[in-house]
Amino acid sequence: MTFSVTILGSSSALPTSKRFPSAHVLNVHERFYLIDCGEGTQIQLRRFKLPMSRINHVFLTHTHGDHVLGLFGLISTFNLLGRKTDLHVYGMDDFQELLFRNIEYFTDTMSFRVVYHPIDPFKVETIHADKHVQVTTVPLRHRVPAVGYKFTEALQPLNIRKEFISRLNLTTADIIRIKAGEDFITSDGELIPNSELTYRAYIPRSYAYCSDTLFSERVVGLVQNVDLLYHEATFLHTELELARQTGHSTARQAATAASKAGVKKLLIGHFSSRYKDETQFLTEAREFFPETYLVNDGQTFSVEQKKGDDASNSAILS
Ligand SMILES: [Zn+2]
Ligand SMILES: [Zn+2]
């Protein structure tokens, strides 16, 4: 069961010959979720052989060109291909009119519906949940309203610990109730909590995408313990003042956020095109958070499944 993110674009506002503007694709169990849609996203989807037609959800962080300009072209291509499935777009309120005016101007008839979901940039909200993943907003601090997104794999169904079936003489009806989350009361009146009776086969995996943003303690609190954190690092710490003025972070700040949040792995990107040697970002960040990786367009980062079949894990999940 896959849980991986592929980098389509990793530059900041100015693209380079090696880096397209921001866009990531999250693959959860072969369902594809697009996060940001910088110019050229559809080209990158083709180049890295991702199934474009299976993207049904697009999560935009904010209305800056390097995060949204690719959506117009992507929607136009979907229409030329005769797409039928609804496309759900999540983004700032101000982008909605712009998007639909563009669609109206360039398209006579649409073969599919674009359903727009305006986001409140100040609230922490679960904005989407399906059988595979739950998506929660992470308010960011940028020059304009912006949110990051935390993707958490859906909980696996509860399994019953086999030893209890014979020990407690459980009937089929008992088992169904316990699997639905209920505790069990024995004939002697003893209550056995559900967390002792059940476990989940796997622990949910998580990915958080935070771009563009200043360093923020609130963000740190909202991305606690995620498996994979993408945090922008537009500048090196020598340009801290410039980062502050433009609403961006330095590599050191991205690493500090990862360290404070106790994440497993940090990905950094959104590098300013002023730097010719990006390994400086890695060196700076690893001093504060050794599990840092610099992203390049076309790279995929996977999170392995973690077994949850012991008592301590099932207790954490219940
Ligand atoms: Zn940006
Ligand atoms: Zn921005």
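Is Ile 55 buried or exposed, and how many other C-beta atoms lie within 10 Å? In this predicted model, Ile 55 is buried, because 22 other C-beta atoms lie within 10 Å and the cut-off for a buried residue is 20 or more. Ile 55 belongs to strand 4, which covers residues 55-59. Leaving aside residues up to four places away in sequence, Ile 55 touches Phe 32 and Leu 34.

Strand 2 spans residues 23-28 and pairs with strand 1 in the antiparallel sense, over six bridges. Within this pairing, Gly 9 has Ala 23 of strand 2 as its bridge partner. Strand 1 also pairs with strand 19 (residues 300-302), again in the antiparallel sense, over three bridges. Here Thr 6 stands opposite Thr 300. Strand 1 (residues 3-9) is largely enclosed by the rest of the structure, because six of its seven residues are buried.

As background, strands of a sheet pair through backbone hydrogen bonds, in either a parallel or an antiparallel sense.

Strand 9 (residues 147-153) and strand 15 (residues 206-210) are antiparallel and share four bridges; Thr 152 stands opposite Ser 206 of strand 15. Strand 16 and strand 17, by contrast, run parallel and are joined by five bridges. Strand 17 also runs parallel to strand 18, with three bridges joining them. Leu 267 is a handy landmark for a reader with the model open: Tyr 230 stands opposite Leu 267 in strand 17, and Tyr 293 in strand 18 is a bridge partner of Leu 267. Strand 17 is mostly covered, with four of its five residues buried.

What lies across this part of the sheet? The buried residues of helix 11 are Phe 281, Glu 284 and Ala 285. Viewed down the axis of helix 11, these buried residues fall within an arc of 90°, so they line one face of the helix. Their cover includes helix 10, strand 17 and strand 18.

The two helices also pack against each other. Such a pair is described by the angle between the axes and the distance between them. For helix 10 and helix 11, the angle is about 35° and the axes are 8 Å apart. The crossing of helix 10 past helix 11 is right-handed. On the helix 10 side, the contact involves Ala 251, Arg 252, Ala 254, Ala 255, Thr 256 and Ser 259, which meet Phe 281, Glu 284, Ala 285 and Phe 288 in helix 11. By class, this contact has six nonpolar, two polar and two charged residues.

Finally, a few backbone details deserve a look. Most residues other than glycine have a negative phi, and most peptide bonds are trans. Ser 211 and Asp 212 are joined by a cis peptide bond, with omega about 5°; Asp 212 lies in the loop between strand 15 and helix 8 (217-222). Lys 49, although not a glycine, has a positive phi of about 55°. Lys 49 sits in the loop between helix 1 (41-47) and strand 4, and is exposed, with 9 other C-beta atoms within 10 Å. Asn 225 likewise has a positive phi, of about 65°, without being a glycine. Its place is in the loop between helix 8 and strand 16. Asn 225 is exposed, with 10 other C-beta atoms within 10 Å.

Methods. Residues are numbered from 1 along each chain as its sequence is written. Chains are lettered from A and ligands numbered from 1 in the order in which they are written. This is a predicted model: local features need pLDDT of at least 70, side-chain atom pairs count only at pLDDT 80 or more; totals for chains, interfaces and linings use all residues. Two strands pair if DSSP finds at least two bridges between them. Helices (H or I, at least four residues) and strands (E, at least two) are DSSP runs, numbered from the N terminus. A residue is buried if 20 or more other C-beta atoms lie within 10 Å of its own, exposed if 12 or fewer, and partly exposed in between; C-beta atoms are placed from the backbone. The arc is that of the directions from the helix axis to the C-beta atoms. Two residues are in contact if their C-beta atoms, placed from the backbone, lie within 7 Å. Axes are lines fitted to C-alpha atoms, for helices over the stretch in contact, and angles run from 0 to 180 degrees between N-to-C directions. A crossing is left-handed if the near helix is turned anticlockwise from the far one by less than a right angle, and right-handed if clockwise. Ala, Val, Leu, Ile, Met, Phe, Trp, Tyr, Cys and Pro count as nonpolar, Asp, Glu, Lys and Arg as charged, and the others, Gly among them, as polar.
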